[in-house]
Amino acid sequence: MSMRLVELSAAGNEASDLLPVHDEGLLAELGARRAYWTVLDEGPAEECLALLVEQHDGDWRAEHVTATAGEHEGRTEDAEALARLDGWVYMLGSHFGSKAGPLQPKRAFVARFRESARPQLQIIRHRFALHRAVNDALAALAATGHPAAPEPVRDAVHAGFVTEAVRRGNAKGKRWTSQLAPGDHPVNIEGAAFTARGTLLAGLRWPVTAAGEPILVELSGVPGLFSGAETLGVTGVYALTGIAQGPLGVRALSAREDGAYDIVVGSIDALDKGSILLEQHPDARDATCRHLRFRLPDGTGPALIAPTLVADLAPLHHVEGISEREGAPLYVADEDHRIALWL
């Protein structure tokens, strides 16, 4: 595949995910032929939104967007994924931690906003409720021996992410420590897309299956968090099989208009030093990205899914967003202090 690189900058930060702007009024205000939402790696949710704008003359620019978050200002960080449902753009935190842990409650959030040049965020900081729901589902799956289940959590990973989070939380009297349990995996969300049935498909960079294959979890109750009417649940767990030598995690996910999904898989963590995951899985250091396409089975999981290869993106290691432009793939890569947009 022949690609062209467009280098952009917004607040000096890297970008994750790509979600097309649908609001015609916002496109007109931007003077845009088309535009895409992305999230920046640093800072709280209200400071991490940006728009990647293709102008009518074909040039591109990046605009850092200032949002408001009310009482939750400054209380979130590490937004990673965007998804759309019923006129809302949803934003998910990674629910993870730094490369050496521990899990961080600021990263365990779901937000949403209406498309605007000055969005007002609604934010739910759910105190690891998603972590608990996902780990309960994965543990139940492991008990059956299903191949979509993750490998048993390794002692060093559990100690660095879960045990240390509990220790710090207990020292501060935090109630969220009750959501973290022995045997839990740290959960790292890197992609999200709503399904036709209104559930949210979350792509996990970690954990992966015992065979090193990427895992997706289908979550119910996400919109209901904002009305207090529902709690989070897991209705399906899926593993992408037959891809390549693992371990490979999800790097980006998007829903297609035809009902299929585009996904980028690749490395399980950043390549710089200090990653507990890469210390435990040194064979994952050289993983490059692949663009795949798949459809969900008609029923709920668990299930293995054999995706179709769309493009081998080697030598790229850091692709973190995928969308379409004029029927062709569009990618954004996580590069130091810049936004790398691949057309």
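Reader: Where is the place of Arg127?
Author: This is a predicted model: local features need pLDDT of at least 70, side-chain atom pairs need pLDDT 80 or more, and totals for chains, interfaces and linings use all residues. Residues are numbered from 1 along each chain as its sequence is written, and side-chain values use heavy atoms, with hydrogens and water left out. Helices (H or I, at least four residues) and strands (E, at least two) are DSSP runs, numbered from the N terminus. Arg127 sits in the loop between strand 9 (122-125) and helix 2.

Reader: What is phi of Phe128 near?
Author: Phe128 is in the loop between strand 9 and helix 2. Arg127 has a positive phi near 55° and is not a glycine. Phe128 is not a glycine either, and its phi is also positive, near 70°.

Reader: Does Phe128 count as buried or exposed?
Author: Buried means under 20% relative accessible area, exposed over 50%, and partly exposed in between (1.4 Å probe, protein chains only). Arg127, at 47%, counts as partly exposed. Phe128 has 0% relative accessibility, so it counts as buried.

Reader: Which residues is Asn135 in contact with, leaving aside its neighbours within four places in sequence?
Author: Asn135 lies in helix 2 (residues 129-144). Its relative accessible area is 4%, so it is buried. Contact means heavy atoms within 4.5 Å. With neighbours within four places set aside, its contacts are Asp184, His185 and Val187.

Reader: Which residue stands opposite Trp342?
Author: Trp342 is in strand 21. Strand 20 (residues 328-335) runs antiparallel to strand 21 (residues 338-342), and five bridges join them. The residue opposite Trp342 is Tyr331.

Reader: What is the bridge partner of Glu7 in strand 21?
Author: Strand 1 pairs with strand 21 over four bridges, in the antiparallel sense. In strand 21, Glu7 has as its bridge partner Ala340.

Reader: What is the omega of the peptide bond that joins Trp206 and Pro207?
Author: Pro207 is in the loop between strand 11 (200-206) and strand 12 (215-220). The bond from Gly101 to Pro102 is cis, with omega near -5°. Pro102 lies in the loop between strand 7 (88-93) and strand 8 (109-113). The bond between Trp206 and Pro207 is cis too, with omega about 0°.

Reader: How many disulfides does the count come to?
Author: A disulfide is a pair of cysteine sulfur atoms within 2.5 Å. Cys48 is buried, at 0% relative accessible area. Cys289 is buried, at 0%. By the distance rule, the number of disulfides is zero.

Reader: What is the radius of gyration of the protein chain?
Author: The chain has four helices and 21 strands. The globule rule, 2.2 Å times the number of residues to the power 0.38, is set against a radius of gyration taken over C-alpha atoms. For 343 residues the rule gives 20 Å; the chain comes close to that, so it is as compact as a globular protein of that length, with a radius of 19 Å.

Definitions and conventions
Two strands pair if DSSP finds at least two bridges between them.
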